[in-house]
Amino acid sequence: MHYHVGMATLPIVVVDAFTAEPFKGNPAAVCLLADPAQPRTDAWMQSLAAEMNLSETAFLIPRQNGDGFNLRWFTPTREVDLCGHATLASAQFLWEAGILDAGETARFHTRSGLLTATRKEDWIELDFPAGLPHEVETPSALQVALGENTFLHVAQNRMDLLVEIASEADVRALQPNMERLASIDVRGVIVTAQSATEYDFVSRCFYPRVGVPEDPVTGSAHTALAPYWAQKLGKKKLFAYQASARGGELHLQLEGDRVKISGQAVTVWRGTLDAKV
């Protein structure tokens, strides 16, 4: 399906990211804003993200100098600085729509700088900034929010709080108090443990403060998880699983201050917004 700049209606797709199976992974909406005669306001983008009611809706705007796309991400309640799964979804959309050739690198200019996506057979590799979390004092609300779990480590990077607990089983069994989590002054809380299976580690990610109680699979969280577990396990290549109800797999490779995050993606529907919207 090919889309053309200047069309009256706006193309929008929903892509399940970090999975090759429909209705797994993390769904993101992607909307192409390609008509310079119809610029869209921040309020309009926020309203569409609320209408889609997915953890993120991505907006792609072609740059006038031809150097890729401006990319913005909105949850149902606010704009965010970094989002992995909606970046993966955006790249998938551009290749499937024929806007980029299959071998062409997708270049995205974002609040977190230049991000790129490259196709590697059935996988898409994102190049993101790594954000090793530093140890912090445990927020008073955290123990109440996460119940009786023992915290092995509590750390924070510029976006999220990272909490390592005792086991994969404990991560999977978590039933957090979302109100308490939302009271902590961070974007979200990542809970992780070393895996007992083929994965190096598992995680779950909670973002009630930005309108996403639990995110199914969170690429941006792995900008903290990858350097954390690379340091802890003494290895730079990692295989991760986010143990939400939908679940998703990620291959990770730490390269200096960058992390390569690889996942698969599948488009589940394509449509257009009415010209009057």
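Me: What makes a residue of the protein count as buried, and what percentage of the 277 residues is buried?
Reply: A residue is called buried under 20% relative accessible area, exposed over 50%, and partly exposed in between (1.4 Å probe, protein chains only). By that criterion, buried residues form 57% of the 277 residues. The model is predicted, so local features require pLDDT of at least 70 and side-chain atom pairs pLDDT 80 or more, whereas totals for chains, interfaces and linings use all residues. Residues are numbered from 1 along each chain as its sequence is written, and side-chain values use heavy atoms, without hydrogens and water.

Me: How many helices and strands does the protein have, and why is it called as compact as a globular protein of its length?
Reply: There are six helices and 18 strands, these being DSSP runs (helices H or I, at least four residues; strands E, at least two) numbered from the N terminus. The radius of gyration, taken over C-alpha atoms, is set against a globule rule of 2.2 Å times the number of residues to the power 0.38. The protein's value is 18 Å, close to the 19 Å that the rule gives for 277 residues, so the protein is as compact as a globular protein of that length.

Me: Why is strand E3 called mostly covered?
Reply: Five of the seven residues in E3 (residues 56–62) are buried.

Me: How do you know that strands E2 and E3 pair?
Reply: Pairing requires that DSSP find at least two bridges between two strands. Five bridges join E2 (residues 26–32) to E3, and therefore the two parallel strands pair. Leu32 stands opposite Leu60 in E3.
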